[in-house]
Amino acid sequence: DDLVVGTFGPDDGPFDPHMIVWGYARRAMALGARVHQGVRATGIEVTGGRLAGVHTTAGFIAAPIVVNAAGPWAGEVGRWAGVDVPILNRSRTILVTGTFPAIPSDRPFVEDVSAGWYYRPEGDGVLMGMGQEPVEDLADPPTSPAIVDAIIDAAVHRVPMLESASILTTWTGVRPLTPDGRPILGFVPGVEGLLLNCGWGGVGIIQAPMAGLLAAEVAANGRVTTMDIEPLSIERFTS
């Protein structure tokens with residue numbers, strides 16, 4: 001009785017983000033790109049207002065264009081080049097139940113927008129997520145017992161049968177957001193060659209095909225033809 005409106009996307013479906021990333025990587029390598037696994041970027045070199053390249057644990061890589069797509073670390077990478085990238089890192093805690101056959105595996109992803117809670121089938125159980133608290137430890141964000149309790153309360157309220165589910169595991173990840181909730185995409189004024197593609201939050205994997213296309217158009221042509229990205233410029237936070 002507390003629901004006002006709902007939407008249903010019959011064409012939506014689950015996907016594996018790791019397989020998507022490796023699909024992109026394999027195709028890029030087939031076209032001549034080089035992928036350096038296990039190599040960490042440590043700094044950006046800027047000379048005379050122009051980007052010269054990236055320092056890494058495997059040495060310096062000269063590059064006229066560098067894309068900052070570092071997710072939660074995008075703010076740190078921006079500071080390497082003297083740029084303030086307004087990334088707000090927020091936590092998202094995930095809870096996975098034990099085997100729970102009462103909810104079938106073909107149940108669609110369900111999100112309660114007002115509560116900031118969602119759930120979907122995960123293997124033989126159910127996965128649910130919630131939370132948007134500031135987080136400092138990006139490598140290993142802690143899981144708060146309070147947010148786990150909040151997830152359970154929201155679950156039982158929206159899907160009462162989940163009251164009988166057991167907890168298999170929990171963990172907490174990081175969502176890189178921006179002050180206005182929109183991503184940042186485009187070159188940085190004053191640092192020639194630094195291209196931002198960050199602040200996508202928890203929906204980046206969904207919007208990745210378009211984000212990649214737009215970033216590629218900017219990098220290759222200096223402008224985009226697919227759509228207007230001016231509203232996504234970092235300049236909106238300084239003007």
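## Salt bridges

Glu122 is partly exposed, at a relative accessible area of 33%, where buried means under 20%, exposed over 50% and partly exposed in between, with a 1.4 Å probe and protein chains only. Its side chain meets that of Arg120 in a salt bridge of 2.7 Å, N to O, the term standing for a side-chain nitrogen of Lys or Arg within 4 Å of a carboxyl oxygen of Asp or Glu; Arg120 is likewise partly exposed, at 28%. This is a predicted model, in which local features need pLDDT of at least 70 and side-chain atom pairs count only at pLDDT 80 or more, while totals for chains, interfaces and linings use all residues. Residues are numbered from 1 along each chain as its sequence is written, and side-chain values use heavy atoms, with hydrogens and water left out.

The whole structure holds 6 salt bridges. Asp180 forms one with Arg182, the closest N and O atoms being 3.2 Å apart, and another with Arg236 at 2.6 Å, N to O. Because Asp180 lies in the loop between β9 (167-177) and β10 (184-187) and Arg236 in the segment after α4 (204-221), the latter pair ties together parts that are 56 residues apart in sequence. Arg236 counts as buried at 19% relative accessibility, whereas Asp180 is partly exposed at 35%.

## Sheet and strand

Strands here are DSSP runs of E with at least two residues, and helices runs of H or I with at least four, numbered from the N terminus. Thr97, in strand β5 (residues 88-97), is buried at 4% relative accessibility.
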